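Please examine the model below.

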Amino acid sequence: MVAAGSERGQKYRVWLVGFGEWEPERWSDVPPESVAIEAAEEGWLSVDEAAVFVRSFNTAMLTHPKRVWAIPVPVVVRYEGDLTAGQTVEAEAVDVRPLKKAARGIGW
């Protein structure tokens, strides 16, 4: 299910999907059309973690009457608001108050 030659650093969200009359034969089959139900995990997974989840889940579902399947969706993790190298930073754009409060809370 994971594309051949995928980079080891690729991140995935595993989604549980519903499907119609399609009949999977192997854990790695992908439904031709499906509807997303929910993310299987809160965050992202490595290629190895996604493979273990998808293989385990789909193998179990091969003999189950419920028409639910796990599919890996490649994702890119972005840090909204993060700096880029060489970017000018104005002091008023930096709020250290939450860090000061946290530091007091841990006795610093």
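Q: Buried or exposed: what does E23 count as?
A: The relative accessibility of E23 is 55%. Under 20% relative accessible area a residue is buried, over 50% it is exposed, and in between it is partly exposed (1.4 Å probe, protein chains only). E23 therefore counts as exposed.

Q: What pLDDT does the chain average?
A: This is a predicted model, in which local features need pLDDT of at least 70 and side-chain atom pairs count only at pLDDT 80 or more, while totals for chains, interfaces and linings use all residues. Residues are numbered from 1 along each chain as its sequence is written, and side-chain values use heavy atoms, with hydrogens and water left out. A pLDDT (the predictor's confidence in each residue, from 0 to 100) of at least 70 is reached by 94% of the residues. The average for the chain is 87.

Q: How many residues apart in sequence are the parts that the pair of R67 and E23 ties together?
A: The side chains of R67 and E23 form a salt bridge, with N to O at 3.4 Å. R67 lies in the loop between helix 1 (47–61) and strand 3 (68–75), and E23 in the loop between strand 1 (11–18) and strand 2 (35–39). Helices (H or I, at least four residues) and strands (E, at least two) are DSSP runs, numbered from the N terminus. The pair therefore ties together parts whose separation in sequence is 44 residues.

Q: How many salt bridges does the count come to?
A: The rule asks for a side-chain nitrogen of Lys or Arg within 4 Å of a carboxyl oxygen of Asp or Glu. One of the pairs is R97 and D95, at 2.8 Å; R97 is exposed at 61% and D95 partly exposed at 40%. By this rule the count comes to 4.

Q: Which residue does the side chain of D29 reach at a backbone nitrogen?
A: D29 is found in the loop between strand 1 and strand 2 and is buried at 14% relative accessibility. Its side chain meets that of R26 in a salt bridge of 3.3 Å, where R26 is partly exposed at 48%. A network of salt bridges links E25, R26 and D29. At 2.7 Å, the side chain of D29 also reaches the backbone nitrogen of E25.

Q: How far apart are the end C-alpha atoms of helix 1?
A: Helix 1 has 15 residues. The expected span is 1.5 Å times one less than the number of residues, so helix 1 should span 21 Å. The end C-alpha atoms agree with this, being apart by 21 Å.

Q: What arc do the buried residues of helix 1 cover around the axis?
A: V47, A50, V54, N58 and M61 are buried in helix 1. They lie on the same side of helix 1, because the arc they cover is only 75°. The arc is that of the directions from the helix axis to the C-beta atoms. What covers these buried residues includes strand 1 and strand 3, and their arc is 75°.

Q: What distance separates the C-alpha atoms of S56 and L45?
A: S56 lies in helix 1 and is partly exposed at 48%. S56 and L45 are 11 residues apart along the chain, and their C-alpha atoms are separated by 15 Å.

Definitions and conventions: Contact means heavy atoms within 4.5 Å. A polar contact is a pair of N or O atoms within 3.5 Å; within protein, one must be able to donate a hydrogen and the other to accept it, and residues adjacent in sequence count only if both atoms are side-chain atoms.
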